[in-house]
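Hi there,

Here is the structure I promised to pass on to you. Have a look at it first, and then read on for what turned up.

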Amino acid sequence: MGNAFPSNLTFGIFDHLDEDGCDIAQQYSDRLALAEACDHLGFYAYHLAEHHCTPHGRGPSPNLFLSSVAQRTRRLRVGPLVMLLPLYHPLRAFEEICMLDQLSGGRVELGIGRGSLPVELGYFGIGAEAAPGCYAEASEILVNAMKGGTLSHKGEHFELSDIPLTLRPHQRPHPPTWIATNRPESARWAAANGANIACVGPSSSVRKITDAFRAHREHDMSADDQTPFRGLLRMVVIGRSDLHACSLAASAYEHWLRSFKFLYELNELPTPPNLPLTFDEAVESELCVAGTAASVRQTLLDQLEEAGANYLLCQLAFGSLPLDASLYTAATIQSEIMAQLG
């Protein structure tokens, strides 16, 4: 492995807004403070997951929370990762994105998806068998809406006839799009449709996805295309010693894990086979990186290089991790990693 980060490496923030042991209003306040700090530190974007009826996500309306983030920041880009399209009428989704993009001055990064846990959609009356088709149709309508004018569509799930689109996004032709994926075939779809990708998992597994993405993207790219993001998600905790960092991270991960498992246990569902059930397993599987600035820097460098990623999605706040610990990690990433990129 090399000894320096690639010059095009970018750093962003990913958040589940999972329950942290504080009351909800206090947690929102803490996250806004973290977002504001990351804006000053030069992070690229704040990406927020969407979950429902679970402590794994206290941000069931990502765009609502992100509108507050946009008002507290000036450069930090914002976006859902992902917006669960089966739960939105596509016209409503389009109007929300337009509003957020205008409120933020054109800083939206739009992640779309159909969700990873069918029971969450089921609470809204969306069956597992209907979700894929609903998502595909809604995403098609959303893409067409970004073109402006009037909107017409007739499909299995939605029917629209000459809808006047009186709103438009600030960014033209539309905000950058993202999908979260762990499958090469989805990465190929993203490449063909000009979307960025976000991945989680061991670097060797992610490399198969980024390779598929790059192969198809490079084949279709024109000279004017910007280099797309190939994101790698990692929980990151930096402490003043390895023991200090791992102690913080282990306790926080245990809390995060309970929130993650909530709906699985409530509905007597098996947890995903790749879910690390202990902090040690989370480190071994590369989901978590904890230690001193020097050790974390080298570990992230190695993982990013092996994964073929150019965008690090840092999950700086999770579980019961205190705000000051997240702020310390963010500041240290900036001083010890980002600043060295020049």
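I333 touches F11, F43, V236, I238, C314, L316 and M338, leaving aside residues up to four places away in sequence; touching here means heavy atoms within 4.5 Å. I333 is also one of the residues with the most contacts inside the largest nonpolar core, together with F11, F43, C314 and L316, and that core has 67 residues. Another core, of 36 residues, lies apart from it and includes F14, A45, L81 and A252. (A nonpolar core is a set of buried Ala, Val, Leu, Ile, Met, Phe, Trp, Tyr and Cys residues joined through side-chain atoms within 4.5 Å; buried means under 20% relative accessible area, with a 1.4 Å probe and protein chains only.)

Please keep in mind that this is a predicted model, where local features need pLDDT of at least 70, side-chain atom pairs count only at pLDDT 80 or more, and totals for chains, interfaces and linings use all residues. Residues are numbered from 1 along each chain as its sequence is written, and side-chain values use heavy atoms, without hydrogens or water.

Next, helix α2 spans residues 62–72, and its buried residues are P62, N63, F65, L66, S67, V69 and A70. Among the elements covering them are the helices α1 (24–41) and α3 (90–103) and the strands β2 (45–48), β3 (77–80) and β4 (83–84). Helices (H or I, at least four residues) and strands (E, at least two) are DSSP runs, numbered from the N terminus.

For C38, the nearest cysteine sulfur belongs to C314, 8.4 Å away. C38 counts as buried because its relative accessibility is 0%.

Best wishes

Terms used
Buried < 20%, exposed > 50% of the residue type's maximum accessible area, 1.4 Å probe, protein only. Disulfide = S-S within 2.5 Å.
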